[in-house]
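Here is a friendly walk through one protein model, meant to be read with the viewer open. Please have a look at the fold before reading on.

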Amino acid sequence: KLVSNRALTVRGGAGPLDPVITAKLATTLVGIDTGLAILFPSVHKISNNLPQSPILDFKVKYINYLAASHGLVAACLLFGGSCINTAVGAGLLLSIVPLCTAILTGKAKEFGFEASRLYISAIIGAVASCWLFANGKYANYLIKFISLQSGVNALGLMLVPLKAKAIWGLPYAGSTTTDGAIAFHNRFLGGIILAASVFYLCLAYGVDVPKAVGYGMIPTFITFFVTNFVTKEVEEFGLAKGRQFVL
């Protein structure tokens, strides 16, 4: 492989981009972005020019928590030296926070969600998390199963976003949210879930953490590409396109 003299002068060898440093930088940036979105949702919505309604606000919150849980797993592995089971367990625990909040605050009933599915998802997430924390038997197979099951659901949200109405209870009584806005948010929700699924599956099959982080970003890029250039929903809703491409 040919490299320039300038590349050879880079400290650490000919490769100017160290995979571990790159993965840590990406994880840090995503963590800051999702953290700010969770802590200051109103500012985040304005900066993204997102359509606003109670149900979409919940979806954005859920998307941000899922992205944060993905980032938490990467941070535990890259910065904390955790084992894969502990890291994924922590991520699963964080991901069920918005589900529990929706159940406890009555939002699930308000939006017409299938409460039984939310209860089941929250319980499975909590039990799986505890099992992984305890390094229970077949923990690796559990991660693979959760990843595959989530990945199938994610593809459904991405490919046929409006068919998810039956699961997510949309449109609910009194809702003025358009099908276009619902489809866009469901598609993005699917992309975020698929990103985490790919990341966890890579970890379960022994892929190096920096590579797994990279593979886990691919579904997000695909979602950005589809919503910008295929369905053109980003243009329709006037979202901050430049900010997306930076991320």
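## A loop with positive phi angles

N135 is partly exposed, because its relative accessible area is 45%. Here, buried means under 20% relative accessible area, exposed means over 50%, and partly exposed lies in between, with a 1.4 Å probe and protein chains only as cover. N135 sits in the loop between α8 and α9 (139-159), and its phi is near 50°, a positive value in a residue other than glycine. Y138 is found in the loop between α8 and α9 too. Its phi is near 65°, again positive in a residue other than glycine. With 54% relative accessibility, Y138 counts as exposed.

A word on the basis of all this: the model is predicted, so local features need pLDDT of at least 70 and side-chain atom pairs count only at pLDDT 80 or more, while totals for chains, interfaces and linings use all residues. Residues are numbered from 1 along each chain as its sequence is written, and side-chain values use heavy atoms, with hydrogens and water left out.

## The overall picture

How many helices and strands does the protein have? There are 14 helices and zero strands. Helices (H or I, at least four residues) and strands (E, at least two) are taken as DSSP runs and numbered from the N terminus. Of the 247 residues in the protein, 45% are buried. The protein exposes about 13100 Å², and carbon and sulfur atoms supply 68% of that area; accessible areas come from the Shrake-Rupley method with a 1.4 Å probe, and for residues only the protein chains shown count as cover. Among contacts with a separation of 6 or more, 72% are between residues 24 or more positions apart. Contact means heavy atoms within 4.5 Å.

Helix α6 (residues 97-105) has P98, L99, A102 and I103 as its buried residues. Seen down the axis of α6, these buried residues fall within an arc of 140°, so they line one face of the helix. The arc is that of the directions from the helix axis to the C-beta atoms. An α-helix has 3.6 residues a turn, so residues three or four places apart point the same way. The cover over the buried residues of α6 includes α4 (54-78), α5 (84-95), α7 (107-111) and α8 (115-133). On the face turned away from the buried side, α6 carries the exposed residues L104 and T105. After α6 comes G106, whose phi is positive, near 85°.

## Aromatic pairs

Rings of Phe, Tyr and Trp (its six-membered ring) pair if their centres lie within 6.5 Å; planes under 30 degrees apart count as stacked, over 60 as edge-to-face and the rest as tilted. By this rule the protein has five aromatic pairs. Two of them are set out here.

| Pair | Type | Centre to centre | Angle between planes |
|---|---|---|---|
| F58 and Y62 | stacked | 6.2 Å | 20° |
| F199 and Y200 | tilted | 5.9 Å | 45° |

F58 and Y62 both lie in helix α4, four residues apart, about one turn of the helix. Both F58 and Y62 are buried. F199 counts as buried because its relative accessibility is 0%, and Y200 is buried with a relative accessible area of 7%. Elsewhere, F184, F188 and F224 form one aromatic cluster.

## A buried arginine

Is R187 buried or exposed? R187 counts as buried, because its relative accessibility is 12%. R187 is found in helix α11 (residues 179-204). Leaving aside neighbours within four places in sequence, R187 is in contact with L157, M158, P161, T223, V226, T227, T231 and E233. R187 and A154 are 33 residues apart in sequence, and 8.3 Å apart in space, C-alpha to C-alpha.

## A nonpolar patch on the surface

Which residues form a nonpolar patch on the surface? I32, L36, L39 and F40 do, with about 430 Å² of accessible area together. Patches are made of residues with over 30% relative accessible area and no salt bridge; like charges are joined within 9 Å, and nonpolar side chains (Val, Leu, Ile, Met, Phe, Trp, Tyr) within 5 Å. A salt bridge is a side-chain nitrogen of Lys or Arg within 4 Å of a carboxyl oxygen of Asp or Glu. L36 has its place in helix α2 (residues 19-39), and at 46% relative accessibility L36 counts as partly exposed.
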